[in-house]
Amino acid sequence: MHQISHMNCQSSAKCGILEANHFCPVFQCQLPTIPSSNRVVVSRSQLSLPNIKRNNGVVCNKMLETSVSSEASIKAQVQKLVDLLHVCADEELLDESKAIHGYILKSDFSDNNLLLLLNHVSHAYSKCSEFGSCQVLFDKMLQKNVFSWTVMIVGSIENGFFYDGFKYFREMLEYGMLPDGFAYSAALRLCVALGSLELCKMVHAQIVVRGFTSNVIINTSLLNIYAKLGNVEASSLVFNSMSERNAVSWNTIISGLTANGLHLEAFNRFLEMKNKGFSPDVYTLVGVMKAVGSLGDIGKGKVVHSCVCELGMDSNVVVGTALIDMYAECGALCEAKTVFDSNFSNCGVNMPWNAMISGYTRCRCSQEALQLYVNMCKKNVRSDIYTYCSLFDAIAESKCSKFLMEVHAAVLKSEYDNISLSVQNAIADAYAKCGSLEGVRKIFDRMEQRDIVSWTTLVTAYSQGSQWEAAIAVFSQMREEGCAVNQYTLASTLVACASLCYLEYGRQLHGLQYKTGLQNESCIESALVDMYAKCGSITEAEKVFGCISNADAVSWTAMISGYAQHGSVFCALELFKKMEQLGIKPTAVTLLSILFACSHGGLVKEGLHFFWSMGKRYNLVPEMQHYACVVDLLGRVGLLIEAFEFIGKMPVEPDEMVWQSLLSACRIHRDSELGEIAAKKILSVCPQYSATYVLLSNTYMETGNFREGIDLRNVMKKQGVKKEPGFSWITINGKAHKFYASDQEHPEKKSIYLMLEELRVDMKALGYKPDFRSVLTSGD
């Protein structure tokens with residue numbers, strides 16, 4: 001016995017498990033004698049932690065001098081050490097575990113007791129994330145039992161060494177050690193960690209051969225593991241074959257079905273459970289309410305709610321939170337609010353508050369979400385990551401920048417050191433939705449850590465904020481720093497490429513799509529079609545569209561829009577017809593693209609037909625852009641009076657975009673009288689809108705009314721309205737070169753103006769005569 005202790009002590013010291021001055025502090029206080037049949041619950045304070053380094057030598061000598069004579073006393077001492085090791089494991093007390101280990105090795109325990117204690121030491125090391133020491137201890141143990149191997153398998157899983165866990169399970173079998181129920185449960189956990197369905201089937205086969213099929217605990221583990229590995233059929237077969245079931249078994253099958261998207265089956269199992277006489281508990285109710293929420297079936301939700309009331313659990317915080325969440329998922333905010341107001345409006349725990357705020361946010365009732373948060377603060381209910389994530393989503397939806405800054409300040413003030421990355425990402429997104437690109441950038445730059453959501457938020461913010469070059473620059477930086485991309489990052493960057501006509505860069509992104517395995521993501525496919533079309537390569541757009549296996553409405557719309565932009569009006573209409581034949585419902589954007597095609601093709605009759613069909617045939621409500629497109633449709637062919645009358649009959653107040661379409665048509669067809677009316681309407685809303693002044697001035701000039709045109713330009717100057725200079729650009733070798741009107745800043749301006757002069761001479765030689773009717777336009 002002393003030989004074993006000496007060997008283990010030496011090996012432990014060499015491997016850093018046992019330090020020279022580590023001794024067990026447990027006997028520095030008087031512990032009562034405890035029957036070996038009972039496990040005691042020992043608090044951290046009973047370990048005399050403050051005194052661990054005080055008088056260690058004296059304590060050690062006293063422990064070694066302690067004479068243990070009776071068998072009952074030995075059992076009591078062993079039980080004390082086991083219970084203390086449990087405390088060390090639960091509270092991750094590594095130093096104390098080493099101290100107890102040292103005492104055990106220096107004591108004269110029997111082989112069986114030594115094996116028991118070393119198993120618990122191994123378990124404590126594993127729980128303290130000291131798995132290397134755990135492995136050394138295991139390798140040096142001269143005796144091992146099923147518990148020893150089980151500790152190693154479980155420890156491997158909990159410390160992330162899954163293949164080591166598989167090795168221990170295999171060695172256990174090769175060692176001739178027959179697993180028990182706990183070992184098999186640990187092996188099944190290993191199957192999930194490795195994501196191996198085949199290994200699960202092998203362990204299952206052993207369970208059948210060893211006769212554990214009637215063990216309810218193992219069967220419950222089996223059906224849980226099969227469900228987690230996505231084999232719901234096998235999970236159900238195990239459940240149906242169980243001769244004995246308990247509440248845990250029912251909860252496991254219900255949660256497994258829910259996790260695999262079989263929500264109706266989960267609800268039916270819940271009804272079956274009740275019919276079999278089992279009483280649902282908290283876990284049952286939470287699982288089935290999640291399934292019902294995913295179904296969006298308020299009727300089934302009320303069935304579950306009725307069961308909750310029958311069980312008297314309607315005031316339970318966990319159940320009540322799940323109820324609120326379920327009703328919100330079903331879109332039944334009134335019912336969700338009733339649950340909240342009835343039992344949780346004065347609750348000091350934030351879970352029900354979070355669920356209600358999240359429900360409002362999900363249902364786009366952002367103002368209600370913000371007001372509930374204010375009430376939550378008034379009642380001193382503590383906010384957490386879930387509160388803030390939902391709240392900032394609501395702020396983003398409402399675009400309330402003032403409230404955003406106030407809540408952001410509160411977050412920084414209360415939890416600056418603990419603010420999570422998820423909350424930072426939500427704050428950045430809220431600033432983006434509120435139109436503050438500067439705010440997004442500041443949040444991003446201050447992040448100590450960034451994930452794919454952080455990068456995507458910034459790229460998308462720049463892309464949607466028309467800062468396309470910045471979006472591409474951030475995307476390039478993201479790639480340089482080794483961060484992976486997802487479908488949303490690529491889609492937003494493709495939008496930037498389309499807006500800048502960066503065809504070559506877009507092609508590179510197309511290649512990256514395949515390299516990253518994102519070739520079947522619909523949002524990228526539609527963005528690629530749009531990018532190629534806007535960059536002038538309608539052929540490549542057609543190729544991408546033709547390769548989409550299951551094109552959705554967005555992809556069809558992108559291709560229709562591409563044809564419309566390229567003047568292929570009949571191709572656009574033909575594709576729209578095919579879209580309808582396939583039963584794909586067009587969106588408001590689809591109809592806008594069709595109206596755009598008809599407008600540029602001069603198809604007035606067809607365009608009006610599609611517009612008036614929006615409500616009757618497609619159940620779509622025309623938006624302002626649709627009205628503006630119809631005005632443009634009529635105005636392009638000279639039907640100015642009809643366009644003006646159409647505006648007068650609009651069921652909503654026309655905005656500046658509608659009047660701008662009419663003003664543009666008036667300039668083309670030289671109708672200054674109607675142009676004045678349109679211009680006044682625009683300037684009453686947007687007095688600093690330079691395009692209105694220029695269009696009306698040009699209209700006067702083109703009708704020969706030069707005095708009115710000049711006077712309007714003078715008014716424009718007096719009011720400080722400046723026309724933004726027009727510019728064009730070209731991309732060469734991945735760099736965009738911009739050319740502004742009357743540009744004197746371009747580094748190659750001399751060469752450019754020489755070329756322009758050569759072109760002017762050539763055009764004149766070919767008989768070109770410039771139109772001087774709007775000659776003053778270029779001077780502004």
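Colleague: What should I keep in mind about numbering and confidence?
Modeller: Residues are numbered from 1 along each chain as its sequence is written, and side-chain values use heavy atoms, with hydrogens and water left out. The model is predicted, so local features need pLDDT of at least 70 and side-chain atom pairs count only at pLDDT 80 or more, while totals for chains, interfaces and linings use all residues.

Colleague: Which residues make the nonpolar surface patch?
Modeller: Y753, M755, L756, L759, M763 and Y768 make a patch of about 580 Å². Patch residues have over 30% relative accessible area and no salt bridge, with like charges joined within 9 Å and nonpolar side chains (Val, Leu, Ile, Met, Phe, Trp, Tyr) within 5 Å; a salt bridge is a side-chain nitrogen of Lys or Arg within 4 Å of a carboxyl oxygen of Asp or Glu. Areas come from the Shrake-Rupley method with a 1.4 Å probe, and for residues only the protein chains shown count as cover.

Colleague: Where does L756 lie?
Modeller: L756 lies in helix α41, residues 749-765, helices (H or I, at least four residues) and strands (E, at least two) being DSSP runs numbered from the N terminus. L756 is partly exposed at 45% relative accessible area, where buried means under 20%, exposed over 50%, and partly exposed in between (1.4 Å probe, protein chains only).

Colleague: Changing topic, how many disulfides are there?
Modeller: The count is 0, taking a disulfide as a pair of cysteine sulfur atoms within 2.5 Å. C330 is in no disulfide, as the nearest cysteine sulfur, that of C363, is 9.7 Å away, and C330 counts as buried at 17% relative accessibility.

Colleague: What is the phi of R364?
Modeller: R364 has a positive phi of about 60° although it is not a glycine, and R364 sits in the loop between α19 (350-362) and α20 (366-378), where it counts as exposed at 60% relative accessibility.

Colleague: Where is K399, then?
Modeller: K399 is in the loop between α21 (385-398) and α22 (401-415); its phi is near 55°, again positive in a residue other than glycine.

Colleague: Which residues does the "repeat: PPR" annotation cover?
Modeller: The unreviewed UniProt entry gives 145-179, 246-280, 349-383, 451-485 and 552-586; positions follow the numbering used here, feature names are shortened, and annotations may be inferred rather than shown by experiment. Over residues 451-485 the chain is 74% helix and 0% strand, with the end C-alpha atoms 10 Å apart.
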